[in-house]
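Please read them with the structure open.

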Amino acid sequence: MKRAIVTLTVNGDRHSAAVDPNTTLAELLRDHLRLTGTKQGCGTGDCGACTVLPDGRAVNSCLTLALECEGAEVTTIEGIALSGAELHPVQRSFIAHGATQCGYCTPGMVVSAVDLLERNPAPTEAEIRHALAGNLCRCTGYTKIVEAIEAVGAGEVEG
Ligand code: FES
Ligand code: FES
């Protein structure tokens, strides 16, 4: 398979990589750029563990070709923190509410929550559950996850 160069910005850093036409964005992030915070779960678009934000829009990176992201500005879980070690309010709220168990779904959940709150800063419980419909938690920790996001929307977590 003939490789091609893709150039994109990830968490503010510009990268170029030679990828196969069928290399996914998840593979590019994890295998080429070593950004392993993005998890590969199902690989078929069913679990949301691989959720990232190319140009501010949440997608399943396992279903997105790396070459489709030419010129994109991608934010992954590694870039969600506000600056340096200062966690994003969603991350702090997940910790405060005990909204993680094994943690495998957590990066995708946090990225989806950040995407939701960008579009809808004070979502209802129903809106949160709808927004997370594509994110599966094998540990079934949904109640705490939803509570953590509700708390951010309610302004209970300082930004
Ligand atoms: S790994 Fe992408 S949706 Fe499951
Ligand atoms: S915390 Fe284990 S999969 Fe969600």
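1. Start with one helix pair. Helix 2 passes helix 5 in a right-handed crossing. This is a predicted model, and every point below should be read that way.

2. Now the geometry of that pair. Helix 2 covers residues 89–96 and helix 5 covers residues 142–153. They pack at an angle of about 135°, and their axes lie 8 Å apart. That angle makes helix 2 oblique to helix 5. Angles over 145 degrees would count as roughly antiparallel.

3. Which residues make the contact? On helix 2 they are Pro89, Val90, Ser93 and Phe94. Helix 5 brings Ile145, Ala148, Ile149, Ala151 and Val152. By type, the contact of helix 2 with helix 5 has eight nonpolar residues, one polar and no charged.

4. Next, the overall layout. The protein chain has five helices and five strands. Along the sequence they run β-β-α-β-β-β-α-α-α-α. The radius of gyration is 16 Å, close to the 15 Å that the globule rule gives for 159 residues, so the chain is as compact as a globular protein of that length.

5. Some whole-chain values follow. The C-alpha trace spans about 50 × 30 × 25 Å along its principal axes. Of the 159 residues, 44% are buried. Take the contacts with a separation of 6 or more: 54% of them join residues 24 or more positions apart.

6. Helix 1 deserves a look. It spans residues 25–32, and its Leu25, Ala26, Leu28 and Leu29 are buried. What do the buried residues of helix 1 pack against? Their partners are strand 1 (4–10), strand 2 (13–19) and strand 3 (51–54). Just after helix 1 comes Arg34, with a positive phi of about 60°. Check the backbone there.

7. Then Cys137. This residue sits in the loop between helix 4 (125–131) and helix 5. Is Cys137 buried or exposed? Its relative accessible area is 8%. The cut-off for buried is under 20%, so Cys137 counts as buried.

8. What is Cys137 in contact with, leaving aside its neighbours within four places in sequence? The residues are Cys105, Met109, Tyr142 and Ile145. Ile145 also belongs to the contact of helix 5 with helix 2.

9. Cys47 and Cys137 are 90 residues apart in sequence. In space, their C-alpha atoms are 8.0 Å apart.

Methods:
Residues are numbered from 1 along each chain as its sequence is written. Chains are lettered from A and ligands numbered from 1 in the order in which they are written. This is a predicted model: local features need pLDDT of at least 70, side-chain atom pairs count only at pLDDT 80 or more; totals for chains, interfaces and linings use all residues. Side-chain values use heavy atoms; hydrogens and water are left out. Axes are lines fitted to C-alpha atoms, for helices over the stretch in contact, and angles run from 0 to 180 degrees between N-to-C directions. Helices (H or I, at least four residues) and strands (E, at least two) are DSSP runs, numbered from the N terminus. Angles under 35 degrees count as roughly parallel, over 145 as roughly antiparallel, 65 to 115 as roughly perpendicular and the rest as oblique. A crossing is left-handed if the near helix is turned anticlockwise from the far one by less than a right angle, and right-handed if clockwise. Contact means heavy atoms within 4.5 Å. Ala, Val, Leu, Ile, Met, Phe, Trp, Tyr, Cys and Pro count as nonpolar, Asp, Glu, Lys and Arg as charged, and the others, Gly among them, as polar. The radius of gyration is taken over C-alpha atoms; the globule rule is 2.2 Å times the number of residues to the power 0.38. Buried means under 20% relative accessible area, exposed over 50%, partly exposed in between (1.4 Å probe, protein chains only).
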